[in-house]
Amino acid sequence: MMPQPRGRTPAITPRQRLLVLSNRLPVSIKKDDAGNLTAAPSSGGLVSALNPILSEYGGTWVGSTGVASTCERDDAEVRKVLATATRGTSVRYLPVFLSAEEQTNFYEGFSNEILWPLFHDLQSRCNFAPRYWEFYRRVNQRFAAAALKASQPNDVIWIQDYQLMDVGRQIRQKRPDCVLAFFMHIPFPAPDIFEKLPWRRHILEALLEHDLLGVQTPRDERNLVACIRTFLPGVEVEREHDYRRVTYRGRQSRIQAFPISIDFEQFAQGAASPEVGRRAFEIRRQLNGVRIAIGVDRLDYTKGIPERLRAFARFLRDYPATRGHVSLYQVVVPSRESITGYRRLMHEIEQLVAHINGEHSQPGWVPIHYVHRSLPRKELLALYRAASLALITPLKDGMNLVSKEYCAARSENDGVLILSEFAGAAPELLRGALLVNPYDEMGIAEAIHRALAMEPTEQRRRMMRMRAWIRRHDILHWRDSFFAALDGHMEVTPL
Ligand code: ADQ
């Protein structure tokens with residue numbers, strides 16, 4: 001029996017079983033030097049968003065574990081560790097095993113040296129190596145085979161993100177009548193950027209094999225539709241209400257923006273707990289009562305961390321009277337450590353922090369506190385509560401859940417969100433946040449100054465607007481609108 005979904009009425013229940021595919025399972029397995037296996041929660045926004053949905057609905061989650069497969073005996077060990085780590089949940093976790101060579105070429109190569117930078121408008125970082133493409137298709141085929149094996153003909157197969165854009169096409173060939181949905185967690189680029197991709201036509205045709213194609217923002221929807229129109233001759237696009245219906249080679253797909261969100265109530269209640277309140281108080285005391293600006297990011301060059309550190313240094317130079325009164329608390333969760341560019345970024349951040357602290361520190365005050373590890377939820381919430389402002393300045397971001405988490409945690413309606421205009425969250429939060437261009441050092445310095453000087457009444461007005469928006473457009477709303485768009489396949493339970 002499938003667990004009943006929580007949430008507002010009308011509840012939407014899948015008539016069919018749900019099968020989710022993502023590159024990584026929400027539990028990652030690591031092997032230490034002695035060959036011992038350990039399980040830990042995977043990091044990142046996709047897992048943060050989907051975990052609560054899957055654990056309520058039940059279903060099957062197919063993905064890789066992060067550890068390279070060497071032989072069947074080792075794979076069996078990984079299965080055992082995964083089963084132990086996930087015991088007692090209503091979700092069935094099915095690992096897809098990838099060799100070290102596949103991980104290098106499919107994940108580090110095609111996914112993260114081509115698609116990730118290109119889709120974030122950073123084309124000069126791309127390495128279009130042809131062998132990456134071969135591996136991308138091959139690994140996508142493995143995911144498709146795993147999905148076909150694990151699913152029944154009527155299941156809804158919901159594929160996640162840019163690493164798996166070719167899976168649906170391969171499933172469709174074997175099972176033409178199945179229900180296929182896709183959600184893209186990262187931005188979709190405009191045609192003049194997407195056209196650089198040598199496999200652009202294949203990718204678009206593969207995407208149009210899905211019945212429903214979800215993207216984060218209306219801008220992503222416009223970009224995807226513009227690419228389809230530009231590169232697929234003969235395609236027909238009709239606008240209907242708040243989505244587009246695309247017909248290509250006799251098959252119809254629905255394309256729609258579904259801005260992803262957070263479990264607002266869970267964040268708000270967690271942050272309001274006395275335990276988190278005490279910890280927030282302690283953090284402020286440990287920092288000698290100075291105002292705290294917080295940055296929380298996965299380690300990634302798209303998050304604009306060095307740019308933000310430089311902007312903070314400029315703020316200290318431009319507004320010297322604030323020295324000793326405000327510190328930046330920058331938390332970076334380790335990510336993609338096997339990729340050279342990411343290790344380089346880590347060193348760049350460390351050097352910048354050391355340099356800025358060396359230049360400005362005074363007895364009893366350090367300008368930047370830098371934490372490079374994943375934090376337990378309560379500690380993260382305490383930091384959100386302790387911080388008078390959040391500095392969230394990605395160069396480009398599909399959505400950025402941290403900006404929404406910060407607002408949810410501010411139950412006293414104070415605090416200021418400084419947000420990049422290139423985050424997917426910007427159009428939703430623009431009436432409350434101070435929007436900045438992440439490349440504009442001076443603009444960010446000015447925004448920090450303005451945030452620190454902002455009257456409590458203005459903070460309150462802005463924060464209340466953002467909190468009201470996120471409360472209404474939370475992860476349950478996201479789930480319900482996505483499932484409702486799969487009309488005919490998901491059932492809407494009447495009030
Ligand atoms: P990410 O790039 O991972 O997600 P984001 O949406 O900000 O970015 O999510 C990060 C998640 O990791 C948040 O839930 C945050 O709380 C958590 N986190 C960050 N630092 C942490 C730390 N040090 N310790 C513990 N947790 C930490 C991708 C896309 C985004 C999109 C999401 C969801 O790149 O644009 O918003 O998917 O679709």
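Predicted model: local features only at pLDDT ≥ 70, side-chain atom pairs only at ≥ 80, totals over all residues.
The backbone of Asn288 has a phi near 60°, a positive value in a residue other than glycine. Most residues other than glycine have a negative phi.

The place of His241 is the loop that links strand 10 (236-240) to strand 11 (243-248). With a relative accessible area of 73%, His241 counts as exposed, because the class begins over 50%.

Strand 11 also holds Arg245. The side chain of Arg245 makes a polar contact of 3.4 Å with the side chain of Tyr243. Beyond its neighbours within four places in sequence, Arg245 is in contact with Glu236, Val237, Glu238 and Glu240, and also with Gln252, Ser253 and Arg254.

From these local features the account turns to the chain as a whole. Its secondary structure consists of 18 helices and 19 strands. A compact globule of 495 residues would have a radius of gyration near 23 Å, and the chain, at 23 Å, agrees with that expectation. Along the principal axes, the C-alpha atoms fill a box of roughly 65 × 55 × 45 Å. Of the 495 residues, 58% count as buried. The chain exposes about 20800 Å², of which carbon and sulfur atoms supply 49%. Among contacts with a separation of 6 or more, 76% are between residues 24 or more positions apart.

The domain assignment divides the chain into domain 1 (18-261 + 476-489) and domain 2 (264-472). The contact between them takes 26 residues from domain 1 and 22 residues from domain 2. Taken over C-alpha atoms, the centres of domain 1 and domain 2 are separated by 30 Å.

How many residues does the largest nonpolar core have? It has 174 residues, and those with the most contacts inside it are Leu21, Ile171 and Leu417. Helix 4 (residues 130-150) contributes the largest share of this core, 10 residues. Both domains take part, since the core draws at least three residues from each of domain 1 and domain 2.

The last stop is an acidic residue, Asp166. Is Asp166 buried or exposed? Asp166 counts as buried because its relative accessibility is 0%, and the class covers values under 20%. Asp166 is found in the loop between strand 7 (156-160) and helix 5 (167-174). The side chains of Asp166 and Arg169 are joined by a polar contact of 2.8 Å. Not counting residues up to four places away in sequence, Asp166 touches Tyr136, Arg137, Asn140, His202 and Ala206.

Methods: Residues numbered from 1 in each chain as written. Heavy atoms only, no water. Core = buried A, V, L, I, M, F, W, Y, C linked by side-chain atoms within 4.5 Å. Buried < 20%, exposed > 50% of the residue type's maximum accessible area, 1.4 Å probe, protein only. Helix = DSSP H or I, 4+ residues; strand = E, 2+ residues; numbered from the N terminus. Domains from an automatic or database assignment. Polar contact = N/O pair within 3.5 Å; in protein donor to acceptor, adjacent residues only side chain to side chain. Contact = heavy atoms within 4.5 Å. Rg over C-alpha atoms; globule rule 2.2 N^0.38 Å. Areas by Shrake-Rupley, 256 points an atom, 1.4 Å probe, with all protein chains shown as cover.
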